[in-house]
Amino acid sequence: MNPNSTDRNGALDGIRGLAILWVFAFHANALLVDWPSGASPGWGQSLAEKGLLGVQLFFVLSGFLLARPWMQAAEAGTPYPRVGRFFARRARRIVPTYWVHLALLFGLILPILRGAYTILGTDIGQTNLWLHIPLLHFLHPGSSSSLGLNMALWSLSIEAQFYLLLPVLAPLFVRNRVLVALPTALLVALLWKTYAPGWLMEWVYLNVSPSRLIFFDPVSGRPGPFPLEMMRFFLERQLPGEIIAFALGMAAANLYTRLRSVEPVRQRLRAIDMGAFAFPLLAAPILIHLSFGEILTGVGWRLLGMPLFLVGCTLLVLAAAFRTPLIERIFAGPVLMPIGIISYSLFLWHEPVLRLIATGRLLPNACDGTPCRIALALGLALLVAAASYFLTERRR
């Protein structure tokens with residue numbers, strides 16, 4: 001264990017790998033698994049259908065990694081990072097790979113799944129096209145489901161909005177300011193999720209043209225009028241509602257920087273290690289027994305469950321950053337770490353691959369049975385992601 005090492009952190013890559021595999025399981029469960037109506041899901045399927053929570057782990061990790069330069073500057077008494085340089089680095093990191101994906105999504109995947117480019121000439125098509133390019137698509141309900149082609153893109157839009165605000169937010173979390181900023185972020189998130197949908201829903205339906213207010217079904221991809229429950233989901237998950245995940249990541253960056261400035265007490269690191277190890281062991285049975293509806297709309301989950309889950313994610317990230325023994329051994333292994341390295345490209349491509357296989361457009365007769373189709377989809381998604389990584393991310 002060497003918290004002062006500067007080489008690549010395999011445990012943090014492994015956490016990325018865990019997060020993207022959980023997100024993949026969520027979409028594979030929705031698109032490829034055909035369970036009998038009324039059948040009770042097993043523990044595996046129950047965990048898979050909670051895989052949307054993998055996005056929250058990504059948010060915590062982003063808050064931690066991106067705020068760390070501000071925390072280090074505050075600890076050392078040096079100037080904060082230059083805003084222009086930060087934005088340039090973020091753009092170089094995510095935009096080229098994303099634009100290549102977008103060009104193929106609208107230029108190739110769209111006609112394969114829809115049979116034509118016709119939708120791009122409509123109001124809803126133009127809304128999607130022009131808002132996806134600058135990563136603003138999750139600010140408009142009509143483009144929030146990405147034409148039913150890749151609904152995972154919503155969280156990338158939230159990430160981009162966080163990047164824009166980070167130079168303002170990060171200084172609020174340095175030194176002891178975190179003691180005010182963190183509870184404030186929790187309060188903002190809870191108030192937004194509780195009240196904002198009710199305040200904004202009527203305004204959206206009255207002020208957005210029906211031709212641009214179309215929702216694409218998450219499974220079939222078919223368009224239809226925007227349902228009330230999905231409008232609430234869309235409004236609840238705007239950046240103010242998700243800010244607590246990023247805030248906990250920034251608070252963890254503060255703590256990490258402070259502990260690194262002195263020789264960390266072994267007992268503290270052991271406590272972080274054990275707490276991070278215990279988190280998934282305790283969270284898994286709870287998530288298995290929670291219904292999917294409770295995760296989406298439950299008041300108890302919103303007010304208590306989600307904040308506690310995010311605290312556990314934060315502890316996991318902190319332990320990985322310190323490379324504590326248990327977490328290093330679990331996450332820096334030969335499976336999760338390589339997947340974590342290509343996780344951004346895998347995040348972009350896994351859902352289109354799943355949709356092509358689910359609709360029979362890709363290798364329709366390659367294998368029978370759900371396990372085989374899921375394995376085929378994962379293998380192809382990994383191949384496409386690896387190609388995307390080496391051709392766009394590494395070349396950067």
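Contact here means heavy atoms within 4.5 Å, and the legends below describe close-up views of a predicted model.

View 1. Gln161 belongs to helix H6, which covers residues 154-169. With a relative accessible area of 11%, Gln161 is buried, because buried means under 20% relative accessible area. Once its neighbours within four places in sequence are left aside, Gln161 is in contact with Leu139 and Leu239.

View 2. A search of the whole structure finds 17 aromatic pairs, one of which joins Phe86 and Phe87 in a tilted arrangement, with 5.6 Å centre to centre and 50 degrees between the planes. Elsewhere, ring pairs link Phe59, Phe138, Trp154, Phe162, Phe234 and Phe246 into a cluster.

**View 3. A charged group over the ring of Tyr163.** The ring of Tyr163 has the charged end of Arg90 sitting over it, at 5.2 Å from the ring centre.

**View 4. Packing of helix H1 against helix H3.** Helix H1, formed by residues 10-32, packs with helix H3, formed by residues 54-76, at an angle of about 150 degrees, and their axes are 8 Å apart. H1 is therefore roughly antiparallel to H3, since angles over 145 degrees count as roughly antiparallel. The crossing in which H1 passes H3 is left-handed. On the H1 side, Leu12, Ile15, Arg16, Leu18, Ala19, Ile20, Trp22 and Val23 take part, and they meet Gly54, Val55, Leu57, Phe58, Leu61 and Leu65 in H3.

View 5. Gly10 lies in helix H1 and is buried, with a relative accessible area of 6%. Although Gly10 and Ile341 are 331 residues apart in sequence, their C-alpha atoms are 8.9 Å apart in space. With its neighbours within four places in sequence left aside, Gly10 is in contact with Arg323, Phe331, Ala332 and Met337.

**View 6. Packing of helix H15 against helix H16.** The axes of helix H15, which holds residues 343-358, and helix H16, which holds residues 370-393, come within 8 Å and cross at roughly 140 degrees. H15 and H16 are therefore oblique to each other, and H15 passes H16 in a right-handed crossing. The residues of H15 that make the contact include Tyr344, Leu346, Trp349, His350, Val353, Leu354 and Ile357, while those of H16 include Arg373, Leu376, Ala377, Leu380, Val384, Ser388, Tyr389 and Glu393.

**View 7. Buried residues of helix H8 and the helices they pack against.** In helix H8, which consists of residues 228-236, Met231, Phe234, Leu235 and Glu236 are buried. The buried residues of H8 pack against four helices, namely H7 (178-207), H9 (239-260), H11 (292-297) and H12 (299-322).

Conventions. Residues are numbered from 1 along each chain as its sequence is written. This is a predicted model: local features need pLDDT of at least 70, side-chain atom pairs count only at pLDDT 80 or more; totals for chains, interfaces and linings use all residues. Side-chain values use heavy atoms; hydrogens and water are left out. Rings of Phe, Tyr and Trp (its six-membered ring) pair if their centres lie within 6.5 Å; planes under 30 degrees apart count as stacked, over 60 as edge-to-face and the rest as tilted. A charge sits over a ring if NZ of Lys or CZ of Arg is within 6 Å of the ring centre and within 35 degrees of the ring normal. Axes are lines fitted to C-alpha atoms, for helices over the stretch in contact, and angles run from 0 to 180 degrees between N-to-C directions. Helices (H or I, at least four residues) and strands (E, at least two) are DSSP runs, numbered from the N terminus. Angles under 35 degrees count as roughly parallel, over 145 as roughly antiparallel, 65 to 115 as roughly perpendicular and the rest as oblique. A crossing is left-handed if the near helix is turned anticlockwise from the far one by less than a right angle, and right-handed if clockwise. Buried means under 20% relative accessible area, exposed over 50%, partly exposed in between (1.4 Å probe, protein chains only).
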